[in-house]
Amino acid sequence: MEERIRILYAEDDPVIAELNRDMLEREGYVVDVVYNGEDAWEKYRQTTYHLLLLDIIMPGKSGFELLQAIRAEDTAMPVVIYSSVSGSEAVAKALDMGADEYIRKECEPPEILARLKVIVRHIQGVSAYMLSEMTRFCYSGYLLTVNGKEIKLTPAEAKLLRCLCENRNTVVSKSLLCEKLWGISTPGKVRTIDNYMVKLRKYLKPDKSLQIVTSYGEGYALMREADK
């Protein structure tokens, strides 16, 4: 029997918390609700969870403070920010700090559930990719191994590489890559994607069988020599 996904949900609004708890439990999740950041931190330290769902503005520790503390000791724990703070700056900050997803409270329940299911599929599915005989990528630990050398990726680099891995040999648009990281696509963000790709190419350079190909005006594709 497949293990049920256990979620720690930190939300200071009890009405919203109960509505979402009911929704998630109907979907089969096990949900522990706490109403401030301090209790969330204690629960996280005491109990094993598959996923953390965090509001930003809470008494005690904020969602950002929790995220920072969690990422200082665990780079693999899936963390989803769920907040009424909808500005692009907050989205960018959360994702740059290592959040796996940012869901605005204005989203309707079907979209909330769909976004969470993407995270759950990664939890239950394969998070390690054998890119070639000499290159392996483990998303859960943000670890890329090339010719025996281990490279610790940043959360943003890992998310981009995972997106390329999941769409191998297919061009992934720059706008989609931007949305994966920040939830928005702007000219400035597109240029940042280009910079990340420079870094990923450098990491993969020792493996001559792999190449990140640029489709000008469109996006990027991860190609393997044997698959071309």
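**Figure 1. Tyr-9 in strand S1.** Tyr-9 sits in strand S1, which spans residues 6–10. The model shown here and in the other views is predicted. Tyr-9 has a relative accessible area of 0% and is therefore buried. Leaving aside residues up to four places away in sequence, Tyr-9 touches Ile-16, Ala-17, Asn-20, Val-31, Asp-32, Val-33, Val-34, Leu-53 and Tyr-82. Ser-83 lies 74 residues from Tyr-9 along the chain, and the C-alpha atoms of the two are separated by 12 Å.

**Figure 2. Gly-28 in the loop between H1 and S2.** Helix H1 covers residues 14–26 and strand S2 covers residues 30–34, with Gly-28 in the loop between them. The relative accessibility of Gly-28 is 28%, so this residue counts as partly exposed. Gly-28 and Ile-5 are 23 residues apart along the chain, and their C-alpha atoms are separated by 7.8 Å.

**Figure 3. The buried and exposed faces of helix H3.** In helix H3 (residues 63–73), the buried residues are Gly-63, Phe-64, Leu-66, Leu-67, Ile-70 and Arg-71. Viewed down the axis of H3, these residues fall within an arc of 155°, so they line one face of the helix. The face turned away from this buried side carries Gln-68 and Ala-72, which are exposed. Among the elements that cover the buried residues of H3 are helix H2 (37–46), strand S3 (51–54), strand S4 (79–83) and H4.

**Figure 4. Leu-66, one of the buried residues of H3.** Leu-66 belongs to helix H3. With a relative accessibility of 1%, Leu-66 counts as buried, because the cut-off is under 20%. Its contacts, not counting residues up to four places away in sequence, are Gly-37, Ala-40, Trp-41, Leu-54, Met-58 and Lys-61. Asp-55 is eleven residues from Leu-66 in sequence, and the two are 9.8 Å apart in space, C-alpha to C-alpha.

**Figure 5. Helix H4 against helix H7.** H4 (residues 88–97) and H7 (residues 174–182) pack with their axes 8 Å apart, at an angle of about 80°. This angle makes H4 roughly perpendicular to H7. On the H4 side, the contact is made by Val-91, Ala-92, Leu-95 and Asp-96; on the H7 side, by Lys-180, Leu-181 and Trp-182. Five residues of this contact are nonpolar, two are charged and none is polar.

**Figure 6. The buried side of helix H7.** Lys-174, Leu-177, Cys-178, Leu-181 and Trp-182 are the residues shown as buried in H7. The arc they cover around the axis is only 105°, which puts them on the same side of H7. The cover over the buried residues of H7 includes H4, H6, strand S10 (172–173), helix H8 (187–204) and strand S12 (219–224).

**Figure 7. Helix H6 against helix H8.** The axes of H6 and H8 are 10 Å apart, and the two helices pack at an angle of about 80°. They are therefore roughly perpendicular to each other. H6 contributes Ala-156, Glu-157, Leu-160, Leu-161 and Leu-164 to the contact, while H8 contributes Ile-193, Tyr-196, Met-197, Lys-199, Leu-200 and Tyr-203. By class, nine residues of this contact are nonpolar, two are charged and none is polar.

**Figure 8. Two nonpolar cores.** The largest nonpolar core holds 56 residues, of which Leu-52, Phe-137, Ile-193 and Met-197 touch the most other members. Helix H6 (residues 155–166) supplies the largest share of this core, with seven residues. A second core is separate and has 20 residues, including Ile-7, Val-33, Leu-113 and Val-120. In soluble globular proteins, nonpolar side chains tend to be buried together.

**Figure 9. Asn-147 and Asn-169, two loop residues with positive phi.** Asn-147 is placed in the loop between strand S8 (143–146) and strand S9 (149–152). Although Asn-147 is not a glycine, its phi is positive, at about 55°. Asn-147 has a relative accessible area of 56%, so this residue is exposed. Asn-169 is placed in the loop between H6 and S10. Its phi is near 70°, again a positive value in a residue other than glycine. The relative accessible area of Asn-169 is 34%, so this residue is partly exposed.

Methods. Residues are numbered from 1 along each chain as its sequence is written. Side-chain values use heavy atoms; hydrogens and water are left out. Axes are lines fitted to C-alpha atoms, for helices over the stretch in contact, and angles run from 0 to 180 degrees between N-to-C directions. Helices (H or I, at least four residues) and strands (E, at least two) are DSSP runs, numbered from the N terminus. Angles under 35 degrees count as roughly parallel, over 145 as roughly antiparallel, 65 to 115 as roughly perpendicular and the rest as oblique. Contact means heavy atoms within 4.5 Å. Ala, Val, Leu, Ile, Met, Phe, Trp, Tyr, Cys and Pro count as nonpolar, Asp, Glu, Lys and Arg as charged, and the others, Gly among them, as polar. A nonpolar core is a set of buried Ala, Val, Leu, Ile, Met, Phe, Trp, Tyr and Cys residues joined through side-chain atoms within 4.5 Å. Buried means under 20% relative accessible area, exposed over 50%, partly exposed in between (1.4 Å probe, protein chains only). The arc is that of the directions from the helix axis to the C-beta atoms.
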